[in-house]
Amino acid sequence: MTSVQEELIALFSSVDRAFAQVQAKFPEAVKCGQGCDDCCSAVFDVSLVEAVALASVMQGLAEEVKDSSLPRASRALVEWDEVVTGDSIELAKQRIRCPLLGEDGLCVCYEGRPVNCRTYGVPTVIGGAGHVCGFSGFESGVDYPTINLEQIQNGLLALSIRLAGEEAGQKRWPVAKVLLAPGEIFAVLK
């Protein structure tokens with residue numbers, strides 16, 4: 001597991017560096033900063049390896065921080081179940097407040113945040129389609145450096161499979177479930 005953890009840390013560091021490079025080159029376009037939390041309402045799930053990392057970081061937080069996240073996680077999981085079970089729902093258009101977003105508008109588990117959180121404010125590409133935060137200053141029709149999320153997600157999948165085997169490694173988790181049932185996540189590890 002240590003090797004997988006080290007590789008995940010290296011992957012997170014690489015993603016953070018790529019974000020910083022785009023931000024340094026286009027500071028007027030990257031609007032991310034304290035108090036901006038648009039990405040904290042994006043609907044996505046996380047790979048097993050990200051879920052394990054997030055649950056591990058959460059375990060180290062103060063009890064009052066963890067406890068304050070649980071009611072938000074319960075609400076978010078109900079909303080998640082409503083959104084993902086609907087017919088032909090386009091998740092990118094849905095909004096669910098992340099249970100990690102504290103009442104002060106800051107992430108209570110910033111160190112353990114998943115890749116989607118780490119890349120949200122800069123141009124990304126997945127499945128050949130480009131994406132960018134609607135609050136950013138990136139202009140349509142202009143070429144910008146992008147972060148290839150498909151490649152990163154494939155790397156996360158490979159790490160997850162190494163952790164838990166083919167079947168369990170392919171499972172994905174809503175963040176709310178990670179907070180509410182960390183035991184389920186750790187139980188699938190081999």
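At 37% relative accessibility, G33 counts as partly exposed, a class that lies between buried (under 20% relative accessible area) and exposed (over 50%), computed with a 1.4 Å probe on protein chains only. The model is predicted, so local features need pLDDT of at least 70 and side-chain atom pairs count only at pLDDT 80 or more, whereas totals for chains, interfaces and linings use all residues. Residues are numbered from 1 along each chain as its sequence is written, and side-chain values use heavy atoms, without hydrogens or water.

**Loop position of G33**

- G33 belongs to the loop between α1 and β1 (45–47), where helices (H or I, at least four residues) and strands (E, at least two) are DSSP runs numbered from the N terminus.
- The C-alpha atom of G33 is separated by 9.6 Å from that of G121, although the two glycines are 88 residues apart along the chain.

**Helix α1 and its cover**

- Helix α1 spans residues 2–25, and its 24 residues reach 35 Å from the first C-alpha to the last, close to the 34 Å expected when 1.5 Å is multiplied by one less than the number of residues.
- The residues of α1 that are buried are V4, L8, L11, F12, V15, F19 and V22, and their cover includes α2 (48–59), α4 (115–119), β4 (147–148) and α5 (149–164).
- An α-helix has 3.6 residues a turn, so residues three or four places apart point the same way.
- R118, which lies in helix α4, is buried because its relative accessible area is 5%.
- Leaving aside neighbours within four places in sequence, R118 is in contact (heavy atoms within 4.5 Å) with F12, V15, D16 and F19, and also with Y110, E111, G112 and R113.

- Once neighbours within four places in sequence are set aside, the contacts of L100 are L54, M58, L106, C107, V108, C109, V175 and L179.
- C109, found in the loop between α3 and α4, counts as buried at 1% relative accessibility.

- An open sheet of three strands runs in the order β3-β2-β4 with mixed pairing, and its edge strands, β3 (129–131) and β4, each pair on one side only.
- Strand β2 (residues 124–126) runs parallel to β4 and is joined to β4 by two bridges, which meets the requirement of at least two DSSP bridges for a pair; T124 has I147 of β4 as its bridge partner.

**Aromatic rings**

- The structure holds three aromatic pairs, defined for rings of Phe, Tyr and Trp (its six-membered ring) with centres within 6.5 Å, and called stacked under 30 degrees between planes, edge-to-face over 60 and tilted otherwise.
- One of these pairs joins F138 and Y144 edge-to-face, at 4.7 Å centre to centre and 80 degrees between the planes.
- F138 is buried, at 11% relative accessibility, and ring pairs link F26, F138 and Y144 into a cluster.
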